[in-house]
Amino acid sequence: MKLYFRLIWLLLTARFQPKVPVMGPCRTRFRVWPTDLDVMRHLNNGQYLTMCDVARMDLLIRSGLLAKIKDFAPLAVVAAETIQFSRSLEPFQAFEIETRALGWDEKLLYIQQQFIREGQVMATAVISLRFVKRKGGTADPAEVLAHAGEPTESPELPEWVRAWSQNMRELRAA
């Protein structure tokens with residue numbers, strides 16, 4: 001339920017937020033509520049990834065990409081994700097998730113999302129997304145961006161992203 005409340009709030013407030021580039025960065029504000037906590041009384045590790053979903057939706061909406069591709073490839077589904085925690089987020093603390101695209105290959109778009117509180121990175125997530133077409137099948141990221149009238153050449157993917165993606169493919173095949 002918490003996800004839906006946050007999504008509804010995002011949909012109601014996104015139009016009042018500044019526009020962002022398709023590649024980001026996009027900063028989305030959050031607060032840790034008591035329902036987000038685990039038994040250690042800090043933000044539950046599963047909630048981090050749920051909040052990443054909301055922040056990615058914020059990027060899609062505020063960049064205008066969602067409106068441009070809704071008839072073509074309406075879903076960006078998670079293919080793989082990983083997260084590294086640096087510090088805990090405590091009850092009632094405010095923080096932001098900074099979302100930015102790292103680049104893409106022939107199948108996947110790679111996103112980095114950092115949880116930032118008072119200038120400190122609290123956690124970093126890396127997510128690969130696959131675009132699913134409304135009429136079935138998948139679309140490569142360059143095809144989606146071309147449909148939206150955006151540049152289709154990926155920035156150079158960092159070597160660690162390529163290695164991570166290859167590791168995820170090998171894990172799936174194991």
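Strand S4 (residues 109–117) pairs with S5 in the antiparallel sense over nine bridges, where strands (E, at least two residues) and helices (H or I, at least four) are DSSP runs numbered from the N terminus, and two strands pair if DSSP finds at least two bridges between them. Within this pairing, Ser128 in S5 is the bridge partner of Tyr110. The two strands form a hairpin with two residues between them, and in the turn Glu118 has a positive phi of about 50°. This is a predicted model, in which local features need pLDDT of at least 70 and side-chain atom pairs count only at pLDDT 80 or more, whereas totals for chains, interfaces and linings use all residues. Residues are numbered from 1 along each chain as its sequence is written, and side-chain values use heavy atoms, with hydrogens and water left out.

S5 also pairs in the antiparallel sense with strand S2 (residues 75–85), over 10 bridges, and with strand S6 (residues 138–139), over two bridges. S5 and S6 form a hairpin with five residues between them, and Gly136 in that turn has a positive phi of about 100°; Val132 stands opposite Thr138 in S6.

Phe131 is found in S5, which spans residues 120–132, and Ala76 stands opposite Phe131. With a relative accessibility of 4%, Phe131 counts as buried (buried means under 20% relative accessible area, exposed over 50%, partly exposed in between, with a 1.4 Å probe and protein chains only). Leaving aside residues up to four places away in sequence, the contacts of Phe131 include Ile69, Ala73, Leu75, Leu109, Pro141 and Val144, a contact being heavy atoms within 4.5 Å. The C-alpha atoms of Phe131 and Ala79 are 9.6 Å apart, although the two residues are separated by 52 positions along the chain.

At the surface, Tyr4 lies in helix H1 (residues 2–13) and is exposed, with a relative accessible area of 53%.
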